[in-house]
Amino acid sequence: MNPFDYVRPDDAAGAVETVARNPGAVFLAGGTNLVDHLKLGVSAPELLVDVSRLPLDEVRELPDGGMRVGAGVRNSDLAAHPLVRTRFPALAQALLAGASGQLRNAATTGGNLLQRTRCPYFQDVTTPCNKRDPGAGCSAIGGHHRDAAIFGASPECVATHPSDMAVAMAALDARVRVQGPEGERAVPVVEFHRLPGDEPQRDSVLRHGELITAVDLPGSAPHSVYRKVRERASYAFALVSVAVDLDVADGRVRNARIALGGVAHKPWRATRAEGALRGAPVGEQAFRAAADAELAAAEPLSGNAYKVPMTRGTLVAVLRDLVEEAR
């Protein structure tokens, strides 16, 4: 591990100013991802700016019935919060599906959004990786890519985003509140993470020095669900995951919000499936047609083609179960 300096600012403004004026500085919150990267040599910052003690750990109700979640709220606390459990069950389910109890006690809301891919080539500094070293090449394309993306990949990178929480938030139309050197702004979660394109090293639209301060969840989604398909019951990243908020009335789908995980460089908002479902009569035929509409754009590699039928089956099953629950 390389040596680094460490500071603990008194407020968010001081944290932002410190990182903004130091190109080699990064924020430190729960550290569940960053500390791993320090040990592996994936990351070598010159300065850690500790924001874990800042007053960003509040969950409060918004006037529209939604919630504002502070960036420092721990995953375990958010999953157990009564407002989350009743108004946004998909978010609670996603949080409980992630990592282990010990890690959920340490991981924060802001840090969870910013966690980086678990692609083995990204984490192995002895192998070429465009995300870690732009221009080096992508070892996964010609190597082991069973966990790689089937949507939105590029010749530069086929890695997937690992967060469960972010997938649920994408389906719930969450907005990320950010404080930076130029002031505050809010970014929709669906626009917050990037597809790799020709800059796979950039995971999000955050600028250097910008700090996530909170996430806003509008309204409520009491009939939402998150389902994760993985190789073992605990501490495994998603092969495929699905978050759905479904609104059904008089036997037809009035509205649907769907996000997929484990299939792209970012939480994948399934807008084609949503469009196919709106106004359609509920039932197996409509659900399969919606899944097929989304998966028509899939571009799997030879080793991860199984994700196409797995995504189809999981999405159809979640839609079916939500309709049964509504009845």
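1. Let's start with a cavity (on a 1 Å grid over the protein atoms alone, a set of points where a 1.4 Å probe fits but cannot get out; lining residues have an atom within 4 Å of a point). R116, T117, K131, T160, H161, P162, R194, D203 and H265 line the second largest cavity. Its lining comprises one nonpolar, four polar and four charged residues, where Asp, Glu, Lys and Arg count as charged, Ala, Val, Leu, Ile, Met, Phe, Trp, Tyr, Cys and Pro as nonpolar, and the others, Gly among them, as polar.

2. A word on the basis: the model is predicted, with local features needing pLDDT of at least 70 and side-chain atom pairs pLDDT 80 or more, while totals for chains, interfaces and linings use all residues. Residues are numbered from 1 along each chain as its sequence is written, and side-chain values use heavy atoms, leaving out hydrogens and water.

3. Next, the salt bridges (a side-chain nitrogen of Lys or Arg within 4 Å of a carboxyl oxygen of Asp or Glu): the count is 25. R269 and E274 form one of them, at 2.5 Å, N to O. Both R269 and E274 are buried, meaning under 20% relative accessible area, with exposed over 50% and partly exposed in between (1.4 Å probe, protein chains only).

4. For contrast, look at E199 and R202, whose side chains meet in a salt bridge at 3.3 Å, N to O. E199 is partly exposed because its relative accessible area is 31%, and R202 is partly exposed at 33%.

Terms used. 1 Å grid on protein atoms, 1.4 Å probe; cavity = no way out; pocket = protein on both sides within 12 Å on 5 of 7 lines; lining within 4 Å.
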